[in-house]
Amino acid sequence: MTQQPRLLSLQERHATLERQIAAEGARPQPDALSLGRLKRAKLRLKEEMQRLRPAR
(Lines give C-alpha, C1' and ligand atoms only; values in the text may rest on other atoms or scores of the structure.)
Protein backbone atom coordinates (compact mmCIF):
# COMPACT_ATOMS: atom_id res chain seq x y z
CA MET A 1 0.00 0.00 0.00
CA THR A 2 1.36 3.41 -0.95
CA GLN A 3 1.28 6.08 1.74
CA GLN A 4 0.15 9.56 0.95
CA PRO A 5 2.87 12.25 1.04
CA ARG A 6 0.84 14.21 3.60
CA LEU A 7 0.65 11.19 5.91
CA LEU A 8 4.41 10.66 5.63
CA SER A 9 5.02 14.29 6.48
CA LEU A 10 2.76 14.04 9.52
CA GLN A 11 4.52 10.88 10.68
CA GLU A 12 7.90 12.62 10.45
CA ARG A 13 6.61 15.62 12.41
CA HIS A 14 5.06 13.27 15.00
CA ALA A 15 8.42 11.52 15.47
CA THR A 16 10.17 14.88 15.83
CA LEU A 17 7.71 15.96 18.50
CA GLU A 18 8.21 12.66 20.29
CA ARG A 19 11.96 13.28 20.41
CA GLN A 20 11.44 16.85 21.63
CA ILE A 21 9.11 15.62 24.39
CA ALA A 22 11.66 13.02 25.47
CA ALA A 23 14.46 15.60 25.50
CA GLU A 24 12.42 18.08 27.51
CA GLY A 25 11.32 15.38 29.94
CA ALA A 26 14.94 14.32 30.46
CA ARG A 27 15.99 17.78 31.61
CA PRO A 28 16.59 18.23 35.36
CA GLN A 29 13.67 20.69 35.54
CA PRO A 30 11.38 20.14 32.56
CA ASP A 31 9.26 23.08 31.46
CA ALA A 32 5.70 21.91 32.08
CA LEU A 33 4.25 24.53 29.74
CA SER A 34 6.50 23.47 26.87
CA LEU A 35 5.78 19.81 27.52
CA GLY A 36 2.05 20.48 27.45
CA ARG A 37 2.30 22.36 24.16
CA LEU A 38 4.41 19.62 22.58
CA LYS A 39 2.07 16.87 23.76
CA ARG A 40 -1.02 18.68 22.46
CA ALA A 41 0.65 19.21 19.08
CA LYS A 42 1.60 15.53 18.96
CA LEU A 43 -1.99 14.52 19.77
CA ARG A 44 -3.35 16.78 17.01
CA LEU A 45 -0.97 15.18 14.52
CA LYS A 46 -1.97 11.70 15.68
CA GLU A 47 -5.64 12.52 15.20
CA GLU A 48 -5.00 13.91 11.72
CA MET A 49 -2.98 10.82 10.77
CA GLN A 50 -5.86 8.60 11.87
CA ARG A 51 -8.26 10.56 9.67
CA LEU A 52 -5.96 10.19 6.66
CA ARG A 53 -5.41 6.45 7.03
CA PRO A 54 -7.77 4.29 5.01
CA ALA A 55 -10.50 2.49 6.94
CA ARG A 56 -9.91 -1.23 7.40
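Select Ala41: it is buried, with a relative accessible area of 19%. Buried means under 20% relative accessible area, exposed means over 50%, and partly exposed lies in between, using a 1.4 Å probe and protein chains only.

Before moving on, note that this is a predicted model: local features need pLDDT of at least 70, side-chain atom pairs count only at pLDDT 80 or more, and totals for chains, interfaces and linings use all residues. Residues are numbered from 1 along each chain as its sequence is written, and side-chain values use heavy atoms, leaving out hydrogens and water.

**Stop 1: the helix around Ala41.** Select residues 32-52. This is helix H2, and Ala41 sits in it. Now zoom out. The chain has 2 helices and 0 strands. Helices (H or I, at least four residues) and strands (E, at least two) are DSSP runs, numbered from the N terminus.

**Stop 2: across to Leu17.** In sequence, Leu17 and Ala41 are 24 residues apart. In space, their C-alpha atoms are 7.8 Å apart.

**Stop 3: the core.** Which residues make up the largest nonpolar core? Select Leu7, Leu10, Leu17, Ile21, Leu35, Leu38, Ala41, Leu45 and Met49, 9 residues in all. Helix H1 (5-26) and H2 are the elements that give two or more residues to this core. H2 supplies the largest share, 5 residues. A nonpolar core is a set of buried Ala, Val, Leu, Ile, Met, Phe, Trp, Tyr and Cys residues joined through side-chain atoms within 4.5 Å.

**Stop 4: Met49.** Stay with this core residue. Leaving aside residues up to four places away in sequence, Met49 touches Leu7, Leu10, Gln11 and His14. Contact means heavy atoms within 4.5 Å.

**Stop 5: Glu24.** Go to helix H1 and pick Glu24. Is Glu24 buried or exposed? Glu24 counts as buried, at 11% relative accessibility. Show its neighbours: Glu24 touches Pro30, Asp31 and Leu35, not counting residues up to four places away in sequence.

**Last stop: the whole chain.** Select everything. The C-alpha atoms fill a box of roughly 45 × 15 × 15 Å along the principal axes. Of the 56 residues, 23% count as buried. Look at contacts between residues at least 6 apart in sequence: 65% of them join residues at least 24 apart. Finally, colour by charge. There are 13 positive and 6 negative side chains, and the centres of the two sets lie 3 Å apart. Lys and Arg count as positive, Asp and Glu as negative; His and the chain ends are not counted. Each charge is placed at NZ of Lys, CZ of Arg, CG of Asp or CD of Glu.
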